[in-house]
Protein chains: 2
Amino acid sequence: MISVIKKATFIVLAFVVFTNCESKKEEKVEDTASEVEVKKEEDPLPSWNDGDVKKNIMGYVQDITDSNSPNFVEEQHRIATFDNDGTLWSEKPMYFQVYFMFDRIDEMAKEHPEWKNKQPYKAVLERDMEALKKQGMKGLLELLMTTHSGMTSTEFEDIVSQWITTAKHPEKDKLFTELVYQPMIELIDYLEANDFTVYIVSAGGMDFMRPWTEKAYGLPRNRVIGSTIKTEYDYNNGKPVLKRKAEVDFIDDHAGKPVSIFKYIGQKPIIAGGNSDGDLEMLQWTDSNDFKSLKIYVHHTDSIREWSYDRNSMVGKFDKGLDEATKKNWTIIDMKKDWKVIYPYQLEEK
Amino acid sequence: MISVIKKATFIVLAFVVFTNCESKKEEKVEDTASEVEVKKEEDPLPSWNDGDVKKNIMGYVQDITDSNSPNFVEEQHRIATFDNDGTLWSEKPMYFQVYFMFDRIDEMAKEHPEWKNKQPYKAVLERDMEALKKQGMKGLLELLMTTHSGMTSTEFEDIVSQWITTAKHPEKDKLFTELVYQPMIELIDYLEANDFTVYIVSAGGMDFMRPWTEKAYGLPRNRVIGSTIKTEYDYNNGKPVLKRKAEVDFIDDHAGKPVSIFKYIGQKPIIAGGNSDGDLEMLQWTDSNDFKSLKIYVHHTDSIREWSYDRNSMVGKFDKGLDEATKKNWTIIDMKKDWKVIYPYQLEEK
């Protein structure tokens, strides 16, 4: 079932399980959205509070799009790359793709009565995180491959599409796609309006994201880069399919991000945004652009409206990145201070 | 030096060397271009002779872009993928990337006097194809890795850019980028004008193509997909680079083409064009699109103006593909009959 993993670490999943225990109970959401004054005509970033961060971002965009500026960047080089988990949508208490994995195990267990007594499945079915932890990386990988391979690319897409439109976040009781960040969606729109080409560059599964990213962020499939498993072409008697193999192809995290950016995009971004140490190499890579560049970190500081975590979190650990961003004066978004609302549904609740 | 190759075959290079002997002496080019009448205002494909092939192509595009047609395809699904070697530019007597490899060996030999007596380098330096053939796959791979890895991505780009603007085809005495097919450039332009997104999907090296494809075909870097070697991020004391490793990452040929199309583009093409059996899987994949699709094969039939070859050629072998295309009534371009000129410089010579 499980092929040999060439990568030494499988970070995404490693973090995932060992984190459930540390998740904070959600406190009551205070509707700070009441302060929002949307002036769409004039303000492209209405859900951002005025302050240095908003000023930095807009000042940068105005500068590099001004053909009279020494920092002018032509349209074909206006590339922006954003991490997904924790940067464009929430990632607590576990990466949302892990909820997908757990739900798949529940569903598949109907055909596998033996899983009730077989690890690592038993631990998932019982949501026994301590038992799951004991299964280690090998158990996690088995769960990943069981739920993400063995079907065709089309079948997997259908499974994800079905799940993403029905499954709800256990604490927020919202669809996962409702837990995207309104201010970041405005930022993507603002950049596209200024002739940027915006990509997602995520450690999450590429094929897990593509079915819903267009609707959630307005980003088409070919602008979504992520971790991949291998696929294999099968002629299938004239109805060709791509079969998803139980083998890791590429882990799009840390040093993998500059590699995938080079491969898929072919040029360095001038804007990169992330929220964790896994994004640091992407931001360094962007920082080395000959063009003036903008490096953005989302700092999770809002324990009321979202979650508050950084240096000691297993999911979205932000430690080295925080030091380097501070030292180099990169743009650090303080979610609590800089964002009027977190999620789009809070706009409507106003 | 050479890492383990996971792919069983390394087709691109295998063909390369064993083919030199069978290359035909170029006959004098007759200027059949004199018959060309460019009517740019009305005819988007002026270098194509009237006939079934031109009618097929234009009829298809008119059909799927007509919002009143039952076959109408919205813009975001108008994806076209073309092979490069033998489809957009010539590939005889050897793939042009092999000339690059040989020239690099000549250049690098200045620093390696020992190569004069060391295989496989000696064979290349002496252009002794029989001796080179004896080095087999292992020798070829060593040559590939010696010339394509060990530097940064930027350094490799500079090397290719320098070579492509100076090196000349040994028989045609033209820059290699002058040996692109004028009718195919018109086809790319015609498709883009009809809101297609056109990609190259080639077994050739992605990083070998990207430095010159925008100028040659008007296709930007992120629309050029090809075979890759692994790269590795190096922080390099704050001036990060990607180092090219002596390890194959992906062979974008045969069944690899649908795989790469799925990965880079995320949806099936509605038009695919190739010239060899290595493109067959891409055309089958395209043929399975729920939208009406167009499968195009370039058949090399012109021994005077280009080269004539198909079933028995090592480079660009066109055998199974020819049978399947004939059986399924795909569009087969007869270069001799369907193209008024082959290369852009023949237009100017009129």
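Colleague: Why does D63(A) count as buried?

Modeller: Buried means under 20% relative accessible area, exposed over 50% and partly exposed in between, with a 1.4 Å probe and protein chains only. D63(A) has 17% relative accessibility, so D63(A) counts as buried.

Colleague: What kind of model is this, and how are its parts numbered?

Modeller: The model is predicted: local features need pLDDT of at least 70, side-chain atom pairs count only at pLDDT 80 or more, and totals for chains, interfaces and linings use all residues. Residues are numbered from 1 along each chain as its sequence is written, chains are lettered from A and ligands numbered from 1 in the order in which they are written, and side-chain values use heavy atoms, with hydrogens and water left out.

Colleague: Where does D63(A) lie, and which residues is D63(A) in contact with, leaving aside its neighbours within four places in sequence?

Modeller: D63(A) is part of helix 2 of chain A, residues 52–64. Helices (H or I, at least four residues) and strands (E, at least two) are DSSP runs, numbered from the N terminus. Contact means heavy atoms within 4.5 Å; beyond those neighbours within four places, D63(A) touches S69(A), N71(A), F72(A) and K292(A).

Colleague: What makes the pair D63(A) and S69(A) a polar contact?

Modeller: A polar contact is a pair of N or O atoms within 3.5 Å; within protein, one must be able to donate a hydrogen and the other to accept it, and residues adjacent in sequence count only if both atoms are side-chain atoms. The side chains of D63(A) and S69(A) are joined at 2.4 Å.

Colleague: Why is K328(A) called partly exposed?

Modeller: The relative accessibility of K328(A) is 31%, so K328(A) counts as partly exposed. K328(A) sits in the loop between helix 11 (320–327) and strand 8 (331–334) of chain A.

Colleague: Which side chains make a polar contact with the side chain of K328(A)?

Modeller: One is E324(A), at 2.8 Å. Another is Y235(B), at 3.3 Å. Leaving aside neighbours within four places in sequence, K328(A) is in contact with D287(A) and Y235(B).

Colleague: How is the packing of helix 9 and helix 10 of chain A described?

Modeller: Two packed helices are described by the angle between their axes and the distance between the axes. Helix 9 (residues 256–264) and helix 10 of chain A pack at about 55°, with axes 7 Å apart. That angle makes helix 9 of chain A oblique to helix 10 of chain A. Axes are lines fitted to C-alpha atoms, for helices over the stretch in contact, and angles run from 0 to 180 degrees between N-to-C directions. Angles under 35 degrees count as roughly parallel, over 145 as roughly antiparallel, 65 to 115 as roughly perpendicular and the rest as oblique.

Colleague: Which residues meet there?

Modeller: K257(A), P258(A) and I261(A) in helix 9 of chain A meet E281(A), M282(A) and W285(A) in helix 10 of chain A. By class, the contact of these two helices has four nonpolar, no polar and two charged residues. Ala, Val, Leu, Ile, Met, Phe, Trp, Tyr, Cys and Pro count as nonpolar, Asp, Glu, Lys and Arg as charged, and the others, Gly among them, as polar.

Colleague: How do you know that helix 10 of chain A is mostly covered?

Modeller: Seven of the eight residues of helix 10 of chain A (280–287) are buried. Among them are L280(A), L283(A) and T286(A).

Colleague: How does the reach of helix 3 of chain B compare with the expected span?

Modeller: The expected span of a helix is 1.5 Å times one less than its number of residues. Helix 3 of chain B (residues 96–108) has 13 residues and reaches 18 Å from first C-alpha to last, close to the 18 Å expected. Helix 3 of chain B is also mostly covered, with 10 of its 13 residues buried.

Colleague: What stands out about phi in N237(B), and is N237(B) buried or exposed?

Modeller: Most residues other than glycine have a negative phi, and most peptide bonds are trans. Phi of N237(B) is near 55°, a positive value. The relative accessible area of N237(B) is 76%, so N237(B) is exposed. N237(B) lies in the loop between strand 3 (224–234) and strand 4 (241–250) of chain B.

Colleague: What about D195(B)?

Modeller: Phi of D195(B) is near 65°, also positive in a residue other than glycine. With a relative accessible area of 38%, D195(B) is partly exposed.

Colleague: Which peptide bond next to P93(A) is cis?

Modeller: The bond from K92(A) to P93(A) is cis, with omega near -5°. In chain B, the bond from Q119(B) to P120(B) is cis, with omega near 0°.
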